[in-house]
Amino acid sequence: MVGIFCATKAGTDEEYRKHVRNRMIFYVGFTLLGIATAIVAFTAELLWEVEISSRMLGFYAGVGTGLALGGIVMTAKSLLLLKNEKKLHSARVEEADERNAQISTMASKVALVVLLVGLYVTLLVAGLWEPYLVKILGFLVTLFLFSYVVAYKIISRRI
């Protein structure tokens, strides 16, 4: 199985090595974002005098910790991959396989439809009790559709 954002068109192991190194930048970014989120949550709980429920502080601390640990694990996996030529080659072949890319694209489309339907249902139901959620979720759906149109136009010019 190829990850949701992992497809590549790297034709050589050296191109794929560069791709993995670039991807590691995102993993380090996730790690730093997670650390920052956890620090803010722990600081808010221990030092700041803010009115945030302990449930939300726990949520932020958990999300931050999860992002940081996930980023560390993925960075470590990438480093190990870069050190092993056989695994690097087989990973490149798997990620560059057109069948896997097509499966990933189709799965992403299905997941996207499920997400949009879920947002829409939540917008309708939650809006009965929390009217501001209608605005937030409506904005998110609009943001998605707008970003899709813009991305489509930009990418279609490049290809």
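Predicted model: local features only at pLDDT ≥ 70, side-chain atom pairs only at ≥ 80, totals over all residues.
Residues are described as exposed when their relative accessible area is over 50%, as buried when it is under 20%, and as partly exposed in between.

Three residues, Phe 144, Tyr 148 and Tyr 152, are joined into a cluster by ring pairs. Tyr 152 has a relative accessible area of 52% and is therefore exposed, because the cut-off for that class lies at 50%. Tyr 148, with 49% relative accessibility, is classed as partly exposed, and Phe 144 falls into the partly exposed class with 24%. Across the whole structure, 3 aromatic pairs are found. In one of them, Phe 144 and Tyr 148 adopt a tilted arrangement, with 6.5 Å between ring centres and 35° between the planes. These two residues are 4 residues apart in helix α5 (residues 131-158), a separation of about one helical turn. Tyr 148 also pairs with Tyr 152, again in a tilted arrangement, at 6.0 Å centre to centre and with 35° between the planes. Tyr 148 and Tyr 152 are likewise placed in helix α5, 4 residues apart, or about one turn of the helix.

The model contains 4 salt bridges. One of these joins Asp 13 to Arg 92, with 2.7 Å between the closest N and O atoms. This pair connects distant parts of the chain, since Asp 13 belongs to helix α1 (residues 13-46) and Arg 92 to helix α3 (residues 85-96), 79 residues apart. Asp 13 is partly exposed at 22% relative accessibility, whereas Arg 92 is buried at 12%. A salt bridge is also formed by Arg 23 and Glu 95, with an N to O distance of 3.2 Å. Here too distant parts of the chain are linked, with Arg 23 in helix α1 and Glu 95 in helix α3, 72 residues apart. Both Arg 23 and Glu 95 are buried.

Arg 17 is buried, with a relative accessibility of 10%. A network of salt bridges links Glu 14, Arg 17 and Glu 85.

The largest nonpolar core comprises 9 residues, namely Ala 10, Tyr 16, Val 20, Met 24, Tyr 27, Leu 81, Leu 82, Leu 88 and Ala 91. Helices α1, α2 and α3 each give two or more residues to this core, and α1 gives the most, with 4 residues. Leu 82, a member of this core, touches Arg 17, Val 20, Arg 21, Met 24 and Leu 88 when residues up to four places away in sequence are not counted.

Nonpolar side chains also occur on the surface, where a patch has about 1,100 Å² of accessible area together. The patch is formed by Val 40, Phe 42, Leu 46, Leu 47, Trp 48, Val 50, Ile 52, Met 56, Phe 59, Tyr 60 and Val 63. Helices α1 and α2 (54-83) each supply at least two of its residues, and the most come from α2, with 4 residues. Val 50, one of the patch residues, is located in the loop between α1 and α2. Val 50 has a relative accessible area of 40% and is accordingly partly exposed.

Methods. Residues numbered from 1 in each chain as written. Heavy atoms only, no water. Buried < 20%, exposed > 50% of the residue type's maximum accessible area, 1.4 Å probe, protein only. Patch = residues over 30% accessible without salt bridge, like charges linked within 9 Å, V, L, I, M, F, W, Y side chains within 5 Å. Areas by Shrake-Rupley, 256 points an atom, 1.4 Å probe, with all protein chains shown as cover. Core = buried A, V, L, I, M, F, W, Y, C linked by side-chain atoms within 4.5 Å. Contact = heavy atoms within 4.5 Å. Phe/Tyr/Trp six-rings, centres within 6.5 Å; stacked < 30°, edge-to-face > 60°.
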